[in-house]
Amino acid sequence: QAHWLNISLKSSGPEANGAGGYPNAALLQIWHAANATNSSVMIYYANTNPAQLPFQGTPFEFQRILLPDPTAECLANRVSQEDRCSSDPIRQVGSPLGSCNTDLSSLKKYVIGSLRTNTFIQKEASVSPAYDMIRAMEVSTLDMFSIMNRWQQEHNDMIGAMGISTLDMFSIMKLWQQEHSSERYYGSRYAVCHWVAHNIDALMSKMVPPSYPRDHQVQSFYDVQHPGLLFVALTFGGIALLAVLVCFGLTWQWKKRMVIVYAQPEFLYVILMGLSMVAISAILHATPPSNGSCVARTWMTILGFSMELVPLIVKVKAINYLFNQSMRNRRVKIDKKKLYKTVAAVMACVVVYLIVWTAVDPPAKQAEAVLTDAVNDDGGSKVQTFHYCASSSQYWHIASMGYLIILLLTATVMATQSRNVDAGFKESKYLAAMIYSHFLFVLLRSLMFYFGDKVVKNNWGVVVAGVTSICLSLDAIICMAISW
């Protein structure tokens, strides 16, 4: 600026870059020497440097030189730090377009881009206010002067208490520098805290994002918003389990009746065992989740439906084969052990899948935070946290639902093929009704699992668990009503 604004100055400093500059530590010494000899001196100094504060209100006060106001074009053509320290005079002076004053806007801040990315990938209720607060944080030049004036006031009070003359500027600055380098010096920290305390209302209104500060509340599983849902689910689960026990007793008591003999009592016991697991799963869904109960829910549901449908499919397939061969006048003998082995093989595959699921990504108790419309005492929002069961990946659950659908489709084919079977063995009518019932409840459970958080805003995990429990109970009860 001095070159292009015709400000004739000469510097005889020791720096060997051709500009004759001085190190920053020597500038104050030059200023004191100039004041002691009453000489003229001009220094390139930061306007917010606290070293100038002791001289305010004295004959040695810094007098700012007013340069042309900065513009976007001028700031873009300012000499860079590298060119300013160059030994080439042409690079040192730069372009005349850059001969304006320094931009005295607010202090700049740099925020790493990953902070924004990592902040907003979180769900709304879990987002930290840090990023928005950092963006809103702004300390202007006037604010800096206010802080530094308070800082200097603390020094003046300390110096006055020690009986040191306020006109002895060099001694003041020496004492200041000594105290500033001490680990016990807290003057700057006190000045900042004093400024924050006196501007707290303005800072809060500008820096605190909407909906903050928030209150976090952990909701009980038996939430007051849904007081009857889980108790109804528990009731249905108990009824389903009781119905299974009654069917066990009736099957045992009537095991020699022709209808039970045709239905194969051994297969009926396996089917009832599967329905009892479904009923137990329904009860578990209506109780507070834990890591153990989450795993038990999954095992009971998949094993239960497998033990119900697989024996039924195997039995109907054997009956269909028997009557198809009899229509061709062929003598056929059904090996029960082979049927049992088929059921055992399918069940073994299911157990292996469940073991792998439990070992790799077990269903566990998960926490979900939801931002509500309720307002706390500080004007922020309330966040409710509830718990539910889930694995890290949804593909495990999708695979299990796909497996159940395959079983139902297979059962549908078996029911269609058995429509011409002798009435004493014909089960297609009952099998078709059971398949329809299973499809309906599997569809409801799938919809609640994937869209429950969109349908129910608050504590959706409890609602999904309750509705799933009722679906499982009704599925088992209707199945028993159809078959028994």
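Mentor: Start at L407. Leaving aside residues up to four places away in sequence, L407 touches F305, S306, L309, V310 and I313. A contact here means heavy atoms within 4.5 Å. Two ground rules before going on. This is a predicted model, where local features need pLDDT of at least 70 and side-chain atom pairs count only at pLDDT 80 or more, while totals for chains, interfaces and linings use all residues. Residues are numbered from 1 along each chain as its sequence is written, and side-chain values use heavy atoms, with hydrogens and water left out.

Now the core around that leucine. L407 is among the residues with the most contacts inside the largest nonpolar core, which has 43 residues. The largest share, 11 residues, comes from α14. A second, separate core has 8 residues, including F145, M148, W195 and M207.

Some terms. A nonpolar core is a set of buried Ala, Val, Leu, Ile, Met, Phe, Trp, Tyr and Cys residues joined through side-chain atoms within 4.5 Å. Buried means under 20% relative accessible area, exposed over 50%, and partly exposed in between, with a 1.4 Å probe and protein chains only. Helices (H or I, at least four residues) and strands (E, at least two) are DSSP runs, numbered from the N terminus.

Follow α14 next. Which strand does its cysteine reach? C294 lies in helix α14 (residues 291–326) and C389 in strand β3. The two form a disulfide, with their sulfur atoms 1.9 Å apart. A disulfide is a pair of cysteine sulfur atoms within 2.5 Å. The torsion about the S-S bond is about -75°, so the link of C294 and C389 is left-handed.

Strand β3 (residues 381–390) is mostly covered, with 8 of its 10 residues buried. The open sheet has 3 strands in the order β1-β3-β2, with mixed pairing. β1 and β2 stand at the edges with a single partner strand each, so one side of each has no neighbour in the sheet. From one strand to the next, the twist averages 30°. Axes are lines fitted to C-alpha atoms (for helices over the stretch in contact), and angles run from 0 to 180 degrees between N-to-C directions.

Take the two pairings in turn. Strands count as paired if DSSP finds at least two bridges between them. Strand β1 (residues 215–218) and β3 pair in the parallel sense over 4 bridges. There, D215 stands opposite K382 in β3. Strand β2 (residues 364–375) runs antiparallel to β3, joined by 9 bridges. Q366 stands opposite Y388 in β3. The hairpin of β2 and β3 has 5 residues between the strands, and G379 takes a positive phi near 90° there.

Back to the cysteines. The structure holds 2 disulfides. The other one joins C74 to C100, S to S 1.8 Å. With -105° about the S-S bond, the link of C74 and C100 is left-handed. C74 is in helix α2 (residues 72–76), and C100 is in the loop between α4 (89–93) and α5 (113–120), 26 residues apart. C74 is buried at 4% relative accessible area, and C100 is buried at 3%. Counting bonded cysteines along the chain, the pattern is 1-2, 3-4. C193 is partly exposed at 45%. C479 is in no disulfide, and the nearest cysteine sulfur, that of C247, is 9.2 Å away. C479 is buried, with a relative accessible area of 2%.

Last, the setting. The chain has 18 helices and 3 strands. Of its 484 residues, 37% count as buried. Among contacts between residues at least 6 apart in sequence, 72% join residues at least 24 apart.
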